[in-house]
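Here are some notes to read alongside the coordinates.

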Amino acid sequence: GDAAAGRLKAQQVCAVCHGPNGVAVAPETPNLAGEPEGYLGRQLRAFRSGKRQHEVMAVIARSLSDEDIDNVAAWFASIRITATAP
């Protein structure tokens, strides 16, 4: 996918819950930054088809084309996350 195009699409449909850079703003919402591109694409397609159930994600995923999904997945996968042990 095209990460630059995915960033624009993610700002429109993902940022409210998952944050503008894939770090969720709500405690029950998963972070998407740094997740593998293939995993994200598969999950969005599963939400879109109804194979994976979530009321909000199903509505959002149904609005995404295959190209949108590939691009959004590329964007979130391109974000590098680091962790520091205490």
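1. Which residues does H18 touch, not counting residues up to four places away in sequence? The model is a predicted one, and in it H18 touches V23, A24, T29, P30, L32 and M57 once those sequence neighbours are set aside. The place of H18 is in helix α2, which spans residues 15–18. With a relative accessibility of 8%, H18 counts as buried, because the cut-off for that class is under 20%.

2. One of the partners of H18, P30, deserves a separate look. P30 is found in the loop between α2 and α3, and its contacts, leaving out residues up to four places away in sequence, are with H18 and A24. In contrast to the buried H18, P30 has a relative accessibility of 48% and counts as partly exposed. P30 and F47 are separated by 17 residues in sequence, and their C-alpha atoms are 15 Å apart in space.

3. The pocket is the next item to inspect. The largest pocket holds about 480 Å³ of space, and its lining is made of 24 residues, among which H18, P30, L32, F47 and M57 lie nearest the centre. Both H18 and P30, described above, therefore belong to the group nearest the pocket centre.

4. Where does the largest share of the lining of the largest pocket come from? That share, five residues, comes from α3, while α1, α2, α3, α4 and α5 each supply at least two residues of the lining. By class, the lining divides into 15 nonpolar, six polar and three charged residues.

5. Helices α3 (37–49) and α4 (55–62) have axes that come within 7 Å and cross at roughly 100°, and they are therefore roughly perpendicular to each other, since 65 to 115 degrees is the range for that term. From α3, the contact is made by L44, F47 and R48, and from α4 by M57, A58, A61 and R62. The classes in this contact are five nonpolar, no polar and two charged residues. F47 and M57, which take part in this contact, are also among the residues nearest the centre of the largest pocket.

6. Helix α1 (residues 3–13) and helix α5 (residues 66–78) pack at an angle of about 100°, and their axes are 7 Å apart, which makes α1 roughly perpendicular to α5. On the α1 side the contact is made by A3, A5, G6, R7, K9 and A10, and on the α5 side by D68, N71, V72, A74, W75, F76 and S78. Seven nonpolar, three polar and three charged residues make up the contact of α1 with α5.

7. Is D68 buried or exposed? D68, which lies in helix α5, has a relative accessible area of 18% and is buried, a value that should be read against the cut-off of under 20% for that class. Residues up to four places away in sequence aside, D68 touches K9 and S63; K9 and D68 both take part in the contact of α1 with α5.

8. A last point concerns V13, which lies in helix α1 and counts as partly exposed at 26% relative accessibility. V13 touches I60 and L64, again not counting residues up to four places away in sequence. V13 and I60 are 47 residues apart in sequence, with 7.1 Å between their C-alpha atoms in space.

Note on methods
Residues numbered from 1 in each chain as written. Predicted model: local features only at pLDDT ≥ 70, side-chain atom pairs only at ≥ 80, totals over all residues. Heavy atoms only, no water. Axes fitted to C-alpha atoms, helices over the stretch in contact; angles between N-to-C directions. Helix = DSSP H or I, 4+ residues; strand = E, 2+ residues; numbered from the N terminus. Parallel < 35°, antiparallel > 145°, perpendicular 65-115°, else oblique. Contact = heavy atoms within 4.5 Å. Nonpolar A, V, L, I, M, F, W, Y, C, P; charged D, E, K, R; others polar. 1 Å grid on protein atoms, 1.4 Å probe; cavity = no way out; pocket = protein on both sides within 12 Å on 5 of 7 lines; lining within 4 Å. Points joined across faces, edges and corners; volume = space filled by probe spheres on them. Buried < 20%, exposed > 50% of the residue type's maximum accessible area, 1.4 Å probe, protein only.
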